[in-house]
Amino acid sequence: MSESGAQLFARLEARRCLKDIEPRLFPEDGGPDHGEVVELYGTEGTGKTELLYHLLCRCLLPKAAGGLEVDAVFVDTNYSLDMLRLVSILDSRLNAALSTSSPSASSDEAALRSCLSRLLVVHCSSSSQLLLTLHFLETTFSSRPSLTLLLIDSISAFYWLDRCEGGASLTKQEEKLSKCSELLGRLLRDYRITVFATCHAIRRSFSGPSSSSSSSSSESDRLYLCRHWQRLVTHRLLCSRQEAANNMDTTAGGSREQRRQQVFTVHCISSSSSSRTKAHRSSSFYVTDGGVEFI
């Protein structure tokens with residue numbers, strides 16, 4: 001049975017907005033709106049994946065546990081999704097939220113299964129597969145209004161492979177990612193989803209954001225993916241790692257201080273459609289067994 005325009009509009013209007021997905025990460029005007037893209041950028045070991053798991057758990061968790069209770073698709077291009085780690089974070093957050101009501105083991109397991117039922121995982125091993133996957137997902141987005149978030153880890157996974165296959169022509173090198181970006185743009189517009197994607201830095205001269213001016217001055221070094229992708233991104237999270245001072249007081253709360261020794265910093269640059277000027281915000285976090293903890 002065909003769907004009328006009014007029915008389609010009503011279904012798409014029901015899709016959840018993710019502006020409040022993590023208030024400590026984004027500027028005061030909020031996080032990504034419908035149809036916007038967040039890029040998590042940084043070198044290896046700067047907390048991108050842990051931050052992605054944190055945001056994913058925020059979506060999957062029930063409202064009673066402080067989550068948004070929406071469905072998500074995780075496109076794993078690196079074959080590095082650690083389901084045990086994800087389940088561990090979900091379980092920790094559920095236990096913390098439900099401990100006051102003294103839930104039984106069976107109810108814990110039911111809540112965890114409910115969270116995981118909202119997650120769809122897809123694997124890709126090339127840009128061509130990624131393009132086909134996005135075409136396939138269009139049907140899923142159109143039929144599931146609860147499916148709000150698309151995560152890609154990472155969007156830069158096939159950069160060097162595409163460059164090699166493209167030869168000396170820059171156009172051919174960027175052709176596949178450009179097609180993926182064009183299709184993503186249509187999915188963002190037509191289905192009002194939100195996209196989070198990690199991007200691995202290929203230049204190591206970026207040592208961490210200290211100010212908005214230093215961030216903007218090195219922007220040409222960071223933006224190496226095709227322009228079609230760059231035009232989609234409305235929020236950039238520049239991830240870096242810093243070591244805490246060695247003379248920290250470890251006598252009080254020893255294990256907690258030990259976890260704090262490796263601190264990750266995120267500098268957010270937002271240029272969403274609702275704002276004509278760029279907004280900035282910096283935040284820091286460390287990683288525990290139960291996931292990301294903001295400082």
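Tutor: Helices (H or I, at least four residues) and strands (E, at least two) are DSSP runs, numbered from the N terminus. This is a predicted model, in which local features need pLDDT of at least 70, side-chain atom pairs count only at pLDDT 80 or more, and totals for chains, interfaces and linings use all residues. Residues are numbered from 1 along each chain as its sequence is written, and side-chain values use heavy atoms, with hydrogens and water left out.

Student: How many helices and strands does the protein chain have?

Tutor: The runs just defined are counted along the chain. The protein chain has eleven helices and nine strands.

Student: Is S283 buried or exposed?

Tutor: S283 lies in strand β8, which covers residues 279-288. Buried means under 20% relative accessible area, exposed over 50%, and partly exposed in between (1.4 Å probe, protein chains only). The relative accessibility of S283 is 9%, so S283 counts as buried.

Student: How are α6 and α7 oriented to each other?

Tutor: Helix α6 (residues 159-166) and helix α7 (residues 170-191) pack at an angle of about 135 degrees. Angles under 35 degrees count as roughly parallel, over 145 as roughly antiparallel, 65 to 115 as roughly perpendicular and the rest as oblique; angles run from 0 to 180 degrees between N-to-C directions, with axes fitted to C-alpha atoms, for helices over the stretch in contact. Therefore α6 and α7 are oblique.
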